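Subject: Structure for you to look at

Hi,

Here is the structure we talked about handing over. Please open it alongside this message; my notes follow.

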Amino acid sequence: MTSPVYAVTAAVLNSRKYQAIAPELVEAIAAAELGKGRSPKEAVKATKNQLHQSAAVYQSGRMEYPRWLADLQDAWPDGAARQPLLRRLLTAHTSTSERLPFLDDFYNRIFALLPPIRSVLDIACGLNPLALPWIPLVADASYLAVDIFSDQIAFLNDFFRLAGVSGRGETRNVLTDCPTEPVDLALILKTIPCLEQIEKEAGAKLLGQIQAHHLVVSFPSRTLGGRRKGMESTYAAHFAELTEGWDATITRLDFANEMVFVVERGDGSEGGSVSAG
Ligand SMILES: C[S@@+](CC[C@H](N)C(=O)[O-])C[C@H]1O[C@@H](n2cnc3c(N)ncnc32)[C@H](O)[C@@H]1O
């Protein structure tokens, strides 16, 4: 007989919108929803709803990876055509689309606060690796990008190969399978609130597991609809809570719709400070 968790997981993975999501995440959410006493039908609906709110909602339309790869292969030989195409592709994910108006400024201001960066971990990356031409890393820096959509990760791996970047994408549920190899810099952009929708302690757990000397952690300061709704003060207080007692220097940078914390970790002793950049 099929177990209810298996049946709910299979039903969710059977729909086109969720078919590429890491099955272990779907299964974990399905088990939690059934554990609340929901019927299998209700659990399918609730699992889809969780996956929509924490991931699929950011995909602004059909993700046309084969066509986008073909467009990239056509454009790549002409250096001048690359950035306009990448900008167009970055609009397909709401998180990077919202960042486009200030993309140059974003990475310039952040990297002005950092030493030379040779290795990056991009947690719950979305399409952010397509912004690599705007990210001032040292030559031959390594880039590990993780997210839960296997088709998006396959596309990013094709992009890394085409661009000659020493990059690697991995389909991973960071709630249970967060990379822990040491890196110079971890990017955790607009991700903590999404993960905390699924697991309340996800932000604290993630920050405790990642092995990076520098962290760039950001939060949206407006809703997807563009309203402010006190998000800045709520998330600033939450981040202060998450980093309480850290030995770290933390600099806050504000952009039109995103609040960024650049964190330099100290040697492990207590204390630290926050300043405005
Ligand atoms: C708000 S978007 C941020 C994307 C990217 N960091 C950026 O700022 O451009 C949240 C991302 O988290 C990913 N995500 C959600 N749950 C995840 C999980 N459990 N493990 C890994 N990635 C996850 C989603 O697929 C989505 O790409």
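Start with helix α1, residues 4-13, where V8, T9 and V12 are buried. Those three residues span an arc of only 100° around the axis, so they sit on the same side of α1. Their cover includes α2 (23-35) and α3. Keep in mind that this is a predicted model.

Next, the pairing of α4 with α8. A helix pair is described by the angle between the two axes and the distance between them. Here the axes of α4 and α8 (residues 150-163) come within 10 Å and cross at roughly 10°. An angle under 35 degrees counts as roughly parallel, and α4 and α8 are therefore roughly parallel to each other. On the α4 side, the contact uses Y65, W68, L69, L72 and Q73. On the α8 side, the partners are D151, F155, D158, F159 and L162. By class, the residues of this contact divide into seven nonpolar, one polar and two charged.

You will find M63 in the loop between α3 (40-54) and α4 (65-75). Leaving out residues up to four places away in sequence, M63 touches A92, D151 and Q152. Q152 lies 89 residues from M63 in sequence, but their C-alpha atoms are 8.2 Å apart in space.

Now the ligand. There are 21 residues around the ligand, and A55, S95, A124, G126 and L189 come nearest. Two helices, α6 (94-99) and α9 (192-198), each supply at least two residues of the shell. The shell has twelve nonpolar, seven polar and two charged residues.

Last, two backbone angles to check. A124, one of the residues that come nearest to the ligand, has a phi near 50°, a positive value in a residue other than glycine. A124 sits in the loop between β1 (119-123) and β2 (142-147). With 25 other C-beta atoms within 10 Å, A124 is buried. K190 also has a positive phi, near 50°, and is not a glycine either. Its place is the loop between β4 (183-189) and α9. K190 is buried, again with 25 other C-beta atoms within 10 Å.

Send me any questions once you have had a look.

Best wishes

Terms used: Residues numbered from 1 in each chain as written. Predicted model: local features only at pLDDT ≥ 70, side-chain atom pairs only at ≥ 80, totals over all residues. Helix = DSSP H or I, 4+ residues; strand = E, 2+ residues; numbered from the N terminus. Contact = placed C-beta atoms within 7 Å. Near = placed C-beta within 6 Å. Nonpolar A, V, L, I, M, F, W, Y, C, P; charged D, E, K, R; others polar. Buried ≥ 20, exposed ≤ 12 C-beta atoms within 10 Å, placed from the backbone. Arc of directions from axis to C-beta. Axes fitted to C-alpha atoms, helices over the stretch in contact; angles between N-to-C directions. Parallel < 35°, antiparallel > 145°, perpendicular 65-115°, else oblique.
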